[in-house]
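Take a moment to look over the chain before reading on. We will go through it one feature at a time.

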Amino acid sequence: MSQSPDVIEQQHTNRVPKDKQPFPSAQHRHPLDPLRWDEILLARSVLLNSSLLTEGHPTVHIITLETPEKEEVLNWKPGQLPAPLRRAYVETILFGKTHKIVVDVAAGALVSDEIHHAPGYPSLSSNDILIVATLPSTHPPFLQSLKARGVGVSDVVCLPISPGWFGIPEEEGKRLVKALCYNKNGSANVFMRPLEGIVILLDLDRKQILKYVDDRKVPIPKVEGTDYRLFAQKPPLMKPLNPISLEQPLGPSFKVEGNLVKWANWEFHVRPDFRAGMVISQAVIHDPETGEARSVLYEGFPSELFVPYMDPSEGWYFKTYMDSGEYGLGMLALPLQPLNDCPRNAHYFDAVFAGPDGNPYVTPNILCVFERYAGDVAWRHSEAFVQDFEVHEVRPKVTLVVRMVGSVGNYDYIFDWEFQTDGILRVNVGMTGLLMVKATSINSIAENIVDLHGTLVSENTIGVFHDHFINFHLDLDIDGLTNTFIKKILKRKNVVNNESPRKSYWTTENQIAETEDDAKIRLKAFEPSEFHIVNSKKRTRLGNPVGYRIVPGFTADSLLSSVDPPQHRAAFIDNQIWVTPLNKSERWAGGLFVYESHGEDTLAVWSKRNRAIQGRDIVLWYTMGFHHVPCQEDFPIMPTLSGSFELKPSNFLERNPILKTLPNYPSQLPKCSIGSHVDER
């Protein structure tokens, strides 16, 4: 769900003059760097001067980097000219038609213009959000509803809810949005005070209200206890912990050169992205034995977030969000807050995006990079059995985190890509923010209840059951482009013929995935397996194929029916793991145009071709999932719930890559007296 209109408007007026923008010369820019301020302006100028606009003005939904061909990027070297072409990809709607446009920003020329004829639209623009915010207040039935509830127009905010797709004939062929409204008087937590029963269906292109429903049966939940801001908390407050901070007297160990980050044995490119929020590219690890830079990940990003709610009633059935494609994680990102979102010594990246008029705007501090040390151990051993000598060898674990937070309406999604010196790349998603609640007349579960579709978390307030599914696009290049997916099954073997006092043991059995069907994995706890990506053309000195494996964390399976429209549109959640051959047009698991899509352009559809994947340039898609049963501790704001997965080296290196790391010594650390502090208020 989207941010409130005033926040969107503030974002789009946060413009930075052109003369304040740094413009590196072409030979010093990475081909995957995001579009600059001047490049967005140039793309806009090309649009305005093209024959497309002889009769009207388009609404720009996205202007972003048209990523160069992978071969061009891999062959490029810093300082090399000519560099891969800088092109902008544009999605715009003109006279009800969706255009996919590519602009050469170096030549200032239109490269291509393709009209999208299939179902689905671009993500909502801030103009669309403002329509939802303003149009209901001009509708007399809505004003009557407010009067009946004793609420003034100035106390109400209406927010855009993507309508999904359910095959309703009168809704076909229209770009629609549903508006739900909340009482914002007296608390910043508007989501806890819904005007339950009011559902407004709007036609965005015609700026009309098509349907108005007010099934008013329940009161607006009380304002008391909903505000989560510090000044609103009543005594007694929680006893504060003593201040804690990671001090780095010599400064951080990482270096940032443009969008390139270098740290320890890792090197990678990072950029903000309007839709994905953040993209990690060309992650390589330097071999501790040879110093060679060896490729691990060409490109990784969150491809889609699917959040279906479990209430089939009139005001709730359509709440089946596809947050990345319907809203945009980057669009909904706000500046990270130093010392609380990111620790001291973090480095911040700004984003330059395009508003609906095509003009650029800046979201400052959208990403941060920092080193993390939480007292964890990288490796250790103390010798207890051998009495001849004393051994206590311990190494501290320090990691590098790249963070982005998407504030998708009520939810805040914290994306961390954590690089470890042992070669592990850990991806973590933290979920916090506010519940999406339903108002009710019920105050206590002692009352006769049939099915609440959720948990009573406060008086007159139900936290509705829902899911979170986050799919990641992982273009893995394990030591090169020729990769193979292997399912390594752990199988029990029984001891026969009394060969041993043991009766059983387990071993592994490799299943090589030749085609896409072979690599469709639904995780099962009672069928343990490992999932490896290997480069069979390269071997360790001992003959093992070099590889990485994906280590799933806690996840969940969908409980929706396969014939339920939301499940069909988000069929990428049918499996936790998919593997496809690299195809530049297949970047978004829910399809390119997700908004009101019918599910005809998804990962599940592409993979039905059952293409060959053995020994190819392949993409692994991983979906983490959560079933969320709200509880009272989630009110009025939720503690962070996290899930993760790892990409872990498996015979990629000759031995432990952090064997030669050093321990911490007291002489290296700053000498701080108890009670001393730096006031950074």
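Where is Ala264 found? Ala264 is in the loop between strand S10 (260-263) and strand S11 (266-273). Helices (H or I, at least four residues) and strands (E, at least two) are DSSP runs, numbered from the N terminus.

A word on the source. This is a predicted model, in which local features need pLDDT of at least 70, side-chain atom pairs count only at pLDDT 80 or more, and totals for chains, interfaces and linings use all residues. Residues are numbered from 1 along each chain as its sequence is written, and side-chain values use heavy atoms, with hydrogens and water left out.

Back to Ala264. Its phi is near 50 degrees, a positive value in a residue other than glycine. Most residues other than glycine have a negative phi, and most peptide bonds are trans. Ala264 has a relative accessible area of 57%, so it is exposed. Here buried means under 20% relative accessible area, exposed means over 50%, and partly exposed is in between (1.4 Å probe, protein chains only).

Asp479 also has a positive phi, near 60 degrees. Asp479 sits in the loop between strand S25 (466-476) and strand S26 (484-494). Its relative accessibility is 8%, so Asp479 counts as buried.

Now turn to the peptide bonds. Pro235 and Pro236 are joined by a cis peptide bond, with omega about 0 degrees. Pro236 lies in the loop between strand S8 (208-214) and strand S9 (255-257). Another cis peptide bond joins Phe635 and Pro636, where omega is about 0 degrees. Pro636 is in the loop between strand S31 (618-628) and strand S32 (638-649).

How many disulfides does a search of the whole structure find? The search finds 2 disulfides. A disulfide is counted when a pair of cysteine sulfur atoms lies within 2.5 Å. Cys158 and Cys181 form a disulfide, with sulfur atoms 2.1 Å apart. This pair links distant parts of the chain: Cys158 is in strand S5 (residues 156-161), Cys181 is in strand S6 (residues 176-183), and they are 23 residues apart. The torsion about their S-S bond is about 100 degrees, so the disulfide is right-handed. Cys158 is buried at 4% relative accessibility. Cys181 is buried at 2%.

Cys342 and Cys368 are joined by a disulfide too, with an S to S distance of 2.2 Å. This pair also links distant parts of the chain, 26 residues apart. Cys342 is in the loop between helix H6 (323-326) and strand S15 (347-354), while Cys368 is in strand S16 (residues 360-372). With -90 degrees about the S-S bond, this link is left-handed. Cys342 is buried at 1% relative accessibility, and Cys368 is buried at 0%.

Next, consider Asp33. It lies in the loop between helix H1 (5-12) and helix H2 (37-48). Its relative accessible area is 7%, so Asp33 is buried. Leaving out residues up to four places away in sequence, Asp33 touches Leu65, Arg86, Asn259 and His269. Contact means heavy atoms within 4.5 Å.

Finally, step back to the domains. The assignment gives domain 1 (5-115), domain 2 (126-232) and domain 3 (254-483 + 538-665). Such bounds come from an automatic or database domain assignment. The C-alpha centres of domain 2 and domain 3 lie 31 Å apart. Across these two, 36 residues of domain 2 are in contact with 36 residues of domain 3.
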